[in-house]
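Have the sequence and the 3D view open as you read.

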Amino acid sequence: MKYLKYAVAAVGLAAGVAQADGRLETVTERGKLLCSGHNGSFLGFAEVDDKGNWKGMDIDLCKGLAASVFGESDGHLEIVPISWAQRWPALQSGDLDVVIKLSGWTQSRDTELNLAFSNPYFVGAFHVMAHAELGAESVADLDGGSICVSAGTSTERVLAAYLEKQKIDAEVLVFEKADEVRAAYFSQRCDGLILFAPPLAATRATSDAPEAHVILPDVLGLEPEAIVVPEGDPKWLDVQNWMLSSLWFAEINGITQANVDEIRANPPSAQVGKFLGTTPGYGERLGLSDDWAYNLIKEVGNYGEIFDRNIAEPYALPRGMNELYTNGGVFYPLTVD
Amino acid sequence: MAKTYQNPNIIKRLRADYFSNRTDTTLTLIFGACAAWALWNLISWGLLNAVWSAEDRDLCAHGSGGACWAVIDARWRLIMFGLYPYEEQWRSGIACVVMVLIVGLSCVPWFWNAKRISALWLTGFGIFYVLMRGGYFGLTPVFEQNWGGLSLTLFIFATVSLIGMPMAIVFALLRRSELPWISNTMGVIIDTIRSLPLLSIMFTFAIVLPFVLPSWMIGDKLYRVIFGYALFFACYQAEILRGGMQALPAGQEEAAKALGMSYWHRIGYIVLPQAFRNALPPTINQFVITFKETSLVVIIGFFEILASGNAAFGNSEWNFAHVEVYAFVALIYFVFVFALSRYGAYLERRMAVAER
């Protein structure tokens with residue numbers, strides 16, 4: 001993996017020199033946004049429906065971005081199927097304009113790979129699920145038991161660190177693939193199963209008997225997930241950050257996909273009016289049209305709606321710390337002035 | 001060792017083969033019971049307790065005890081056609097049939113001369129490409145990155161074989177050139193590529209090449225990967241062919257030379273036909289491997305049949321049904337690979353007739 005990292009970094013440098021024009025201009029000229037999909041599917045974030053259309057939280061953000069730039073995503077968005085390993089090279093080579101693919105903000109990616117990260121849009125926690133019949137109420141109760149984990153992921157590291165810190169003596173069983181880990185847990189080979197929260201909730205919700213499994217409240221580790229663009233293009237990064245901020249701004253001000261027209265016709269405050277483009281300024285500074293935030297909300301709704309539609313409803317995953325700060329979460333909009 | 005029977009009575013034969021003494025009987029009973037148990041479980045899981053209709057999804061999510069084929073019922077179009085636009089999927093379907101048809105037809109001996117086989121493949125491939133890509137005859141264009149499922153797998157396999165085979169012949173001929181600098185250079189190239197993993201070659205062609213090549217040479221990612229894969233195929237196949245050529249007695253070529261036949265005649269009429277016959281079993285093997293390894297392109301983000309299978313069980317509704325989807329994909333692979341190897345066996349029998 002190491003050599004790949006350096007290769008990608010070198011390629012990134014070369015590409016940085018080659019691309020003098022900003023990505024926003026490139027995208028506008030092309031008339032299409034190239035956004036990351038998945039090779040297969042990733043529960044809740046990038047799935048494919050019966051008709052071969054993409055859906056999911058990451059996909060909705062891609063749609064939102066396309067709508068922000070072009071007014072609507074239809075005909076202006078290309079979801080490029082891409083694997084985890086390939087997303088950074090593809091971003092640097094211009095096969096992708098932006099990576100919205102549940103990617104954690106890590107120091108090595110930020111520095112060595114020449115990537116730039118937006119504000120996180122999702123905070124993923126690692127949780128442990130246990131068989132309900134064990135009566136465990138926290139990970140500490142699994143002392144002396146066993147926990148299944150998949151190999152080579154950050155999950156394995158997080159689990160080891162947590163067990164060491166809490167002095168919990170549990171046997172760690174490592175499996176290669178996500179399917180195998182789940183199968184091992186469900187066939188009672190281990191007492192607990194550690195996974196990233198969204199797939200963990202999905203695993204529980206779709207199991208034979210969801211009530212036979214409990215997700216323990218311990219947060220073993222956190223990973224902030226952000227939108228990734230190439231380094232050295234501050235305007236393009238600004239667009240990402242303001243798009244995310246707009247989704248939270250809309251939520252905190254009660255603007256939804258359904259009532260956005262109404263609110264735009266009768267803005268309750270000058271700030272909201274400016275946000276929805278009734279008075280100029282909000283878009284122009286970013287190089288977008290002034291009503292871009294209106295188009296964004298019209299297309300995908302506010303952050304809460306995106307979360308509920310893709311994560312909360314299908315997988316019964318509570319929003320937890322992904323709530324707005326007003327509800328005890330970690331997200332907040334930037335100031336619209 | 002084959003036994004001969006005076007009286008081919010089935011009971012006697014069974015007794016002689018499986019129950020002739022105490023050890024045999026015990027072993028037969030033990031393994032027979034194991035096999036019956038496995039078979040029974042398989043049947044009761046896959047057929048008797050299985051859920052077949054997509055409408056019964058809740059039944060199989062909460063334990064019918066059998067296979068949940070409902071997932072295939074609901075998602076088969078996704079598995080077969082990937083991200084291909086839903087309304088246009090009939091095109092992808094016909095394209096698959098066309099591809100299977102030309103592969104089938106090229107197995108018919110009538111097509112076995114250079115003109116007929118190339119005419120067949122050019123027409124068939126043209127139809128396949130126009131159907132898939134569109135842009136002509138009022139078909140809406142569908143770009144390569146939206147291709148997927150079985151048609152993409154078939155397309156990659158067919159193109160790799162089609163480009164790779166002529167390349168392999170050229171490589172093999174260069175490799176046995178009488179000029180040492182040609183044969184040695186070719187030897188180094190072949191061995192270098194053979195010592196690299198296929199995955200790294202695909203990765204290089206898909207990702208690194210765009211930074212090195214001038215922009216007019218880059219082309220679509222799909223074609224770069226296919227070219228890299230064809231190169232890899234050609235290097236292996238070239239060595240297989242060279243083996244086939246070396247098995248020929250040197251006297252044949254010398255005799256041809258003495259008769260005044262030109263190089264191309266010697267190669268075309270004497271060396272290659274016999275080399276192919278000698279190398280047939282490993283060649284079929286190589287095709288089978290190539291077909292199965294098309295699934296590696298999933299790593300570079302193509303939506304071939306394994307990836308679309310993954311997508312098929314990757315949502316909140318069907319998340320639990322990965323075994324059934326993998327079984328279905330395995331069945332598709334099996335149909336193709338088994339047909340391929342049966343055809344290889346037929347060819348070997350046919351050629352053995354020629355030798356007698």
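Predicted model: local features only at pLDDT ≥ 70, side-chain atom pairs only at ≥ 80, totals over all residues.

Residues are numbered from 1 along each chain as its sequence is written, and chains are lettered from A in the order in which they are written.

**Helices 7 and 8 of chain B**
- The axes of helix 7 (residues 149–175) of chain B and helix 8 (residues 180–194) of chain B come within 7 Å and cross at roughly 130 degrees.
- B:Phe171, B:Leu174 and B:Arg175 of helix 7 meet residues of helix 8 including B:Ile182 and B:Met186 (contact puts C-beta atoms, placed from the backbone, within 7 Å).

**Helices 10 and 12 of chain B**
- Helix 10 (residues 221–246) of chain B packs against helix 12 (residues 263–278) of chain B at about 110 degrees, with axes 8 Å apart.
- Helix 10 and helix 12 of chain B are therefore roughly perpendicular (65 to 115 degrees).
- B:Leu241, B:Gly244 and B:Met245 in helix 10 meet B:Val271, B:Ala275, B:Phe276 and B:Asn278 in helix 12.

**Where the chains touch**
- Chain A puts 28 residues into the contact, and chain B puts in 30 residues.
- Among the elements giving two or more residues on the chain A side are helix 1 (2–18) and helix 13 (303–315) of chain A.

Methods: Axes fitted to C-alpha atoms, helices over the stretch in contact; angles between N-to-C directions. Helix = DSSP H or I, 4+ residues; strand = E, 2+ residues; numbered from the N terminus. Contact = placed C-beta atoms within 7 Å. Parallel < 35°, antiparallel > 145°, perpendicular 65-115°, else oblique.
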